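Please look over the sequence and the model shown below.

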Amino acid sequence: MDNIGVLLPTSMQKAIFSEASRKELESVANVRWNETDEQLTEEQACTFLRDCQVAVGSWRTPKPSKAILESCPSLQLWEHAAGSVKAFFTDDLLGSGLMIASCAPAIGKTVAEMALGEMIVGLRRIIPNSQSNRTERRAPLPNKLYLAASTIGVVGASQVGRYFLQLVRPFGPRVLVYDPFLTPEAAAELGATKVDSLLELCGQCDAITMHTPMTESTRHMMGAAEFQAMKDDAVFINSSRGACIDEKALIAELEKGRLFAFLDVSDPEPAEMNNPIRTLPNVIYTSHLAGGPSYYIGNQVVEDIRSYKSGQKPKMVVTWDMLDRLA
C-alpha cells in the first residue's frame, strides 16, 4: 500500500476530516498523521514524508520545496487540502514530476452556499426590515423579491460560480453569467445565459455575485461604470477577492443608498478600521467566512487519493499552463 503523510496539525485534521473520511482514507493507504497540533517545519516535513508517495498539506503547512523533494524521492502526489497552489510553482518544482492537486472544488461548495444564503437574505430585504423593526413594527419592504421573480448575475464561471449555479437552479430565477472563457452552450448547460458585456449584466440584474479569481485581467473588473449601471436596490455579493472590484467606486454607490452589499473580502484585507464598509448600514462585511476548512475538503482528499491509486487523475490537478487563470 502507498504511504500517505498528512502534515496538518490535529486541530486542522478535525476540522477537515470527519470520522468517516478519516477511516476511509486509512482503508486505502498507510496513513501517517501529524500527531501534534503544531505546524511542522520544513526540516521536520523532510523526515515525516521520507518514504511517502503522497503528501497532504493545507493552509500554512510546508509546501513542496527543493529540500523536501530531494529528501523524499518517493513523492508522486501533493494533495493540497485547501485552495490556491500558485505558490508551489517555483523553480523548486521544475522537472520534479510531482503532481499537484488542489481542493479548491471542495471549498467552492461552502463559498457557494454562503453566496446563495446572502442572495436570498438580500433580495428579501431581511436586514433593512429587521433594522427598521428596532423602533416600531414595520410592514415588509415593497421592493422585496424572491429568487424565482429575480434576474441574477454570476460573474465568473469558476469552481465556485458553477457550484452556485447548481444551487440556485432549482429556485428558477433568470440567470445571466459573464465569463469570457465560457461558451454560450456551456452556459446553457449550467442553466444560464451568457452575456458578453459586464455592463449589460449589471444593468439587468437584481442581484450579482462575484466568483472570479484574482489575476491582472480581473483587477477592478467591477468599477465605477459597472456599479453605476446596477439597478437601484440591487444586491451585490463579493466572496472572491477584494481587488476584483474598485472598492471606492462601490462605496460611492453605497453611500447614495442605492445598493446593498455583502462583502466577505476587502482590499486590503482586513479593511482599515475607518473604511466605510465597516459602518454603512447597507453593507454586511464579514471576515472571509465563506471558504475555510470543511468536511467537503476531507471528502475530496479521499476521492482524489482513490483516483490516484486507480491510475486516474484527482479532481483538480493544477499545471503550469493553468496559473494565469487561477486564484
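What percentage of the 327 residues in the protein chain do buried residues make up? Buried residues account for 53% of them, where buried means under 20% relative accessible area, exposed over 50% and partly exposed in between, with a 1.4 Å probe and protein chains only. This is a predicted model, in which local features need pLDDT of at least 70 and side-chain atom pairs count only at pLDDT 80 or more, while totals for chains, interfaces and linings use all residues. Residues are numbered from 1 along each chain as its sequence is written, and side-chain values use heavy atoms, with hydrogens and water left out.

The secondary structure of the protein chain comprises twelve helices and 13 strands, taken as DSSP runs numbered from the N terminus (helices H or I of at least four residues, strands E of at least two). Along the principal axes, its C-alpha atoms fill a box of roughly 65 × 45 × 35 Å. Among contacts (heavy atoms within 4.5 Å) between residues at least 6 apart in sequence, 63% join residues at least 24 apart.

Turning to the aromatic rings, a search of the whole structure finds five aromatic pairs, a pair being rings of Phe, Tyr and Trp (its six-membered ring) whose centres lie within 6.5 Å, with planes under 30 degrees apart counted as stacked, over 60 as edge-to-face and the rest as tilted. Among them, Trp78 and Phe88 have ring centres 6.4 Å apart and planes at 75°, so this pair is edge-to-face. Because Trp78 lies in strand β4 (residues 77-80) and Phe88 in the loop between β4 and β5 (99-102), the pair ties together parts that are ten residues apart in sequence. Trp78 is buried at 0% relative accessibility, and Phe88 is buried at 6%. Another of the pairs, Phe260 with Phe262, is tilted, at 5.3 Å centre to centre and 50° between the planes; both Phe260 and Phe262 are buried.

Charges also sit over rings, a description that requires NZ of Lys or CZ of Arg within 6 Å of the ring centre and within 35 degrees of the ring normal. Arg22 lies over the face of Trp33, 3.9 Å from the ring centre, and the charged end of Arg32 sits over the ring of Phe48, 5.9 Å from its centre.

As for the cysteines, the count of disulfides (pairs of cysteine sulfur atoms within 2.5 Å) is zero. The closest cysteine sulfur to that of Cys52, which is in Cys72, is 7.4 Å away and therefore too far for a bond; Cys52 is buried at 0% relative accessibility.
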